[in-house]
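User: I have not looked at this one before. Can you walk me through it?
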Amino acid sequence: MRIREIHVTPVAFRDPPLLNAAGVHEPWALRTIVEVVTDEGLTGLGETYGDLDHLVRVRAAAEALRGHDVYGDNAMYATVAALVGADVVTDLHGLTGTSSRAKTVDRIFSPFEVACLDIRGKAAGRPVVDLLGGRVRDAVPYSAYLFYKWGGHPGGPEDGFGAALDPDGVVEQARLLIGRYGFGSIKLKGGVFPPDQEIEAIRALREAFPEHPLRLDPNAVWSVETSIRVGRELDGLLEYLEDPTEGIEGMARVAAEVPMPLATNMCVVTPEHLPPALRAGAIGVLLTDHHYWGGLVRSAHIATLCATFGVALSMHSNSHLGISLAAMTHLAAATPAVTHACDTHTPWQDGQDVVAPGALRFADGAVPVPDGPGLGVELDRDALAIMNEQYEKCGVRSRDDTTYMRSVDPSFSARRPRW
């Protein structure tokens, strides 16, 4: 079964003003939807980043992959690698760690691999989870992903989530998301305010939700010394502390001095980072992300390596739509080493999606594995057309949290470490 054509559609959807170490989310989030069509008429779906530098290369890869066998992952990967050459695609926000050629290849290959797995599942009449070894869980737990945020974008109306700029606001946001989705664990995106303020927010969350595991992620804006101090002050309150400081060496120094495991999606982002991180004892939890680890199969290989060396797994997220949520759910459902609830931005999309409703839902904070073959989701063509029109009109072509923040606060700095 060979690839006859590939459709690549950039989309934009509304995003709340979520604050983070790099600045603040712009009013529009970008994604790219990939549809692979075979010579037998089967179609598979993939989803990836929407930044223009990435989109250009995805479109080039779509042309280069026509004619390939949908079962030929290795040949497709080699084709993408040759196409990328020595190029390195760099994110403006820097929230997913360092960029490299290997990471660039993995990012571009991933949506095509997911789409081909979707096709293989449909051809076999089996869900993607079965192609990854079979399910170890029927539903995948996700965490309430909290953000400090403004009540609305400057000059616009207040959104339905409201402001969260202090511990009380953070707790109210948690109540909203947990009440709506039933999440059983909580993650706070930090690195926004001085560490003592974020410590108080964690303490307020612990008082309000005494049974929920808590996490804090300041995206590496603390020094080693600050990270150690905060880690010690939060002893007994966190299931893990995520990326408190920058780099494998810095993380290892912190890990040796704090009582909780350290997690990362920033200092270990390609396979070549695993050996030095393991030797240094830098991490106890890896947040995988199939979007930049090369797809679902390559992510499953990394999960096996992590289990071998005693590193636990969760799953990283950035602003995404339902194709990605479906892919994440299939992967996590087939991965025994995923022992922590996964991250998802889905609640922040507030119902916006390109997949037809009904296949994906939250039940008690978890997403049941979709029932249908392949990914188990189908495109909503009308929604796709609307989001593509929004992309053409919105004027945003690359996510740039820092520049958007500076349009509001010219003094803002995204330097690391900041505290």
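Analyst: Helix α1 (residues 52-64) packs on helix α2 (residues 73-84) at an angle of about 130°, and their axes are 10 Å apart. The model is predicted, so to speak of local features takes pLDDT of at least 70 and side-chain atom pairs pLDDT 80 or more, while totals for chains, interfaces and linings use all residues. Residues are numbered from 1 along each chain as its sequence is written, and side-chain values use heavy atoms, without hydrogens and water.

User: What does that make α1 and α2 to each other, parallel or oblique?
Analyst: α1 and α2 are oblique, the class left after under 35 degrees (roughly parallel), over 145 (roughly antiparallel) and 65 to 115 (roughly perpendicular).

User: Which residues make the contact?
Analyst: Arg 57, Ala 60, Ala 61 and Ala 64 of α1 meet Thr 79, Val 80 and Leu 83 of α2 (contact: heavy atoms within 4.5 Å).

User: Switching to strands. Is β8 buried or exposed on its faces?
Analyst: Both faces of β8 (residues 186-189) are covered.

User: Which way does β7 run beside β8, parallel or antiparallel?
Analyst: Strand β7 (residues 144-147) runs parallel to β8, joined by four bridges (DSSP pairing needs at least two). Phe 147 stands opposite Lys 189 of β8.

User: And what stands opposite Lys 189 in β9?
Analyst: Asp 217 does. β8 and β9 (residues 214-217) are also parallel, over four bridges.

Technical notes: Buried means under 20% relative accessible area, exposed over 50%, partly exposed in between (1.4 Å probe, protein chains only). Axes are lines fitted to C-alpha atoms, for helices over the stretch in contact, and angles run from 0 to 180 degrees between N-to-C directions.
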